[in-house]
Amino acid sequence: MSTPMFEQYHRLKAAHPEALLFFRMGDFYELFFDDAREAAGLLELTLTSRNKNDPEPIPMAGVPHHAAASYIQKLVEAGRRVAIAEQVEDPALAKGLVRREVTRVVTPGVAFDSRVLDQRVPNYLAALATHEGRFGVAVLDCSTGDFQGTEVGSLVAALSELARLEPREVLVGPGFDPRDLRRHLKGILQSPPVTGSFDDGVARGLLIKRGLEVPSAPALARAAGAALAYGLAMTGGELPNVRDLRTWVTRGFMVLDDTTRRNLELVRTQRTLQRKGSLLHLVDRTCTAMGGRRLREWLGFPLLDLERIAQRQLAIHTLVEEIDVREQVEWALQQVADVERIVSRVTQGTANARDLAALATTLEALPDLVSACRGLKPLEAHLPEDLTQDVKEDIQAWLVDEPPILITEGGLIREGAHPELDQLVGLAMDGVGVLGDLEQREREASGITTLKLRQNKVFGYYLEVTRAHLHRVPERWIRKQTLTNCERFITPELKELEDRVLGADDRRKKLELELFDALRTRVADQAPRLAALARRVAELDVLRALAEVAADLGWCRPDVHEGRDVEIRNGRHPVVESMLEEERFVPNDIAFTPGSELIVLTGPNMAGKSTVMRQVALIVLLAQMGSFVPAEAASIGLVDRIFTRVGASDDLGRGQSTFMVEMAETSTILHEATSRSLVLLDEIGRGTSTYDGLSIAWAVAEDLADRSHARTLFATHYHELCDLADTRENVVNLSIAVSEQGDDIVFLRRLKSGGASRSYGIQCARLAGLPNPVVKRARALLKRFEKHAPRNDREQLSLFGVFAAPSKEPEPSEPEPDVLREALGRVDPDTLTPREALKVLYDLKALADG
């Protein structure tokens, strides 16, 4: 169907084919054609049609404009882009078709509306570029103006940086295999970049044009330029909140790849993918949204700088000791709004009066925050230097204390702030009273007791008379409309008053909007000062939160040093401990020293090996982010990277089995681990045959002990690996203690020296609830396994020999083990000649064969 409106629609849709087009029509946003069908399914809207009587009616679905944000949020969470086409002229003044333009495109990585965003999570758009074997990663949070990036030497390292930043959307430059990246960036929306934006000259030119420093690293410059170009394109060419490009060097931070972040459950659990139950959920006691985002950043970027670690520790220690100060800081922070995102909306021109009022309330609380910390040097370094009280005073001088949400309906500006506005407000309010007086006078003069003064958008004010009183209407009244039960009239005096009242009200609203816009512009001019203030307040919020956790949970201040030794006394897993209700968490000691660089950890399933491994990693990570740690005491030699190979899962998306995933992750560890790394390996080799698995596990352990000397916790059920401690001075054995009570076992959760004697697999299976007949059969099979145990490393267990159904015929008797022992006991190998030794071997073989 070709009409002027649909020609306009198709023009806008053609410019944004990848987005769902929200087309503003009056009080609704309408979607048409395939967009309507898709949105109706995703949003559970009723799919209707336009021009139903046509042979091919047009599918249509719509949402009210005042509720659009919630619908847009659902679409963005589903990975869709939404183009917003607004009416850019007043319909009342338009000649013909109202002009519409796409004013912004909302994507998962480009969003401003606080109702669409998670307040405590950065909303990053990422870009990945390459240049001569180097890789650039840039991220941009349009909601705060946070713009940062780095350059690394490998694709693996670049993907690790992306993993810890967790972008919602990613742009990929030329030079990458799209299929390979799709596997690595699963779950992140990949969007087409702005044409040419990854070109070196284009990227650098855009950064220079925006007044940003161009990185000397070419790959990073390309990534940053592409991210900025996309952000500008989606927001209509306006990102005034982006004022600088921060760069970081990866060697300043501990490396945490996606596998490690996932296995340690830093920000979400593996099972539910929810925040609750993660380390972040436990330690996030921040009072502000921006503090919550900064804590998440600290958790993802543990430090390698001892001085910065010590500064954070000292501030936390001060807040732990000074309880009154901590409580005063908390009270002040509870008054603080999300300054970072408010300032971004201010610079974008989308902030409303309540945003500015919240900003003023925040600024009013800051003197108390600073006053509480004065005199405490460890805290003074984290206090904002400029409290921007002039901004607060400007806002409070103009805005009412509780402004309305809408900025177009008046009621924003404080009485006495602007004389002309006060006159218009008085005239509008007095006019309403004058109109009421006129109604009363006309009622008395005409004798029409039911006379009503009413108003609508078509006629303005009018006098309404029921048919029973029409004979009383004076001749000077002018008839405007006849209805079934009544007639409507106006008078010259009524129209004159109407012009005065409505004119004053319209002029008041217009003037208030102009005054508010001017105030918002003045606040926007102070954005750099407010952004600097917000960063300091967010840091102080994180420090206070970590101090509260340390004080409440009994955490200690660790000693972080340049050495390699890691010693933890009575360490605890912070999350597991917090979830125990009746059972007390059993703490454990662990030490990596020159004599214990690799710890072989054995013990039953369910005994707590994985908990011990993860708690060591979390204690190290917390220590290097500057936090206190869940232990009685801890001495942590700097760790450059934490590697984890725990848990078992197929990667069907990559066509890899559990064993292949395990081997790929192990390969990464062996290639990249250094003597400063911390390696956690759990059940290496279990995904293949017994002796293949044992051989691989043994070789991996040897490599870590002999070559990289990485500090390693190696949990295994291959008890043969305990023999490594006999041949290597840097390997020790630890096991999880258990108590046997008949056929049952009790997990003591306590580490002890030495390897475990048994795996207790059947007892664990019984505890897990396997049916008794299955447990009984497993015990019988275990005895058969042990009876048919291989006599040398090459002999494999025979499935037919071990698992064959029991025969009715009596089985051949096996020689008693004591007979062989006695025969061997009589042999003195030191006195045998080669011929005698061969004869003894044949005799033992004959004895074994019965």
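**View 1. Cys722 is buried, with a relative accessible area of 11%.** Buried means under 20% relative accessible area, exposed means over 50%, and partly exposed lies in between (1.4 Å probe, protein chains only). Cys142 is buried too, at 1%. The structure holds zero disulfides. A disulfide is a pair of cysteine sulfur atoms within 2.5 Å.

**About the model.** This is a predicted model, in which local features need pLDDT of at least 70, side-chain atom pairs count only at pLDDT 80 or more, and totals for chains, interfaces and linings use all residues. Residues are numbered from 1 along each chain as its sequence is written, and side-chain values use heavy atoms, with hydrogens and water left out.

**View 2. A salt bridge joins Glu101 and Arg11.** Their closest N and O atoms are 3.7 Å apart. The pair links distant parts of the chain: Glu101 sits in strand S6 (residues 100-106), Arg11 in helix H1 (residues 4-15), and 90 residues separate them. Helices (H or I, at least four residues) and strands (E, at least two) are DSSP runs, numbered from the N terminus. Glu101 is partly exposed, with a relative accessible area of 29%. Arg11 is partly exposed as well, at 43%. The structure holds 54 salt bridges. A salt bridge is a side-chain nitrogen of Lys or Arg within 4 Å of a carboxyl oxygen of Asp or Glu.

**View 3. Glu340 and Arg293 meet in a salt bridge.** The N to O distance is 2.7 Å. Glu340 lies in helix H13 (residues 339-348) and Arg293 in helix H10 (residues 289-300), so the pair ties together parts that are 47 residues apart in sequence. Both Glu340 and Arg293 are buried. Salt bridges that share partners join Arg293, Arg294, Glu297, Asp338 and Glu340 into one network.

**View 4. Glu487 pairs with Arg479 in a salt bridge.** The closest N and O atoms are 2.3 Å apart. Glu487 is buried, at 7% relative accessibility.

**View 5. Helix H4 (residues 155-165) is mostly covered.** Eight of its eleven residues are buried. Among them are Ala158, Leu159, Glu161 and Arg164. Glu166 follows H4, and its phi is positive, near 50°.

**View 6. Glu44 and Glu265 have positive phi values.** Most residues other than glycine have a negative phi. Glu44 has a phi of about 60°. Glu44 lies in the loop between helix H2 (33-43) and strand S3 (48-50). Glu44 is exposed, at 75% relative accessibility. For Glu265, phi is near 50°. Glu265 lies in the loop between helix H8 (258-263) and helix H9 (279-283). Glu265 is partly exposed, with a relative accessible area of 23%.

**View 7. The largest cavity has a volume of about 120 Å³.** The count comes to one cavity of 30 Å³ or more. On a 1 Å grid over the protein atoms alone, a cavity is a set of points where a 1.4 Å probe fits but cannot get out; lining residues have an atom within 4 Å of a point. Grid points are joined across faces, edges and corners, and a volume is the space filled by probe spheres set on the points. The lining includes Arg164, Glu166, Arg293 and Glu297. H4 and H10 each supply at least two lining residues. H10 gives the most, with four. The lining divides into four nonpolar, two polar and six charged residues. Ala, Val, Leu, Ile, Met, Phe, Trp, Tyr, Cys and Pro count as nonpolar, Asp, Glu, Lys and Arg as charged, and the others, Gly among them, as polar.

Key. 1 Å grid on protein atoms, 1.4 Å probe; cavity = no way out; pocket = protein on both sides within 12 Å on 5 of 7 lines; lining within 4 Å.
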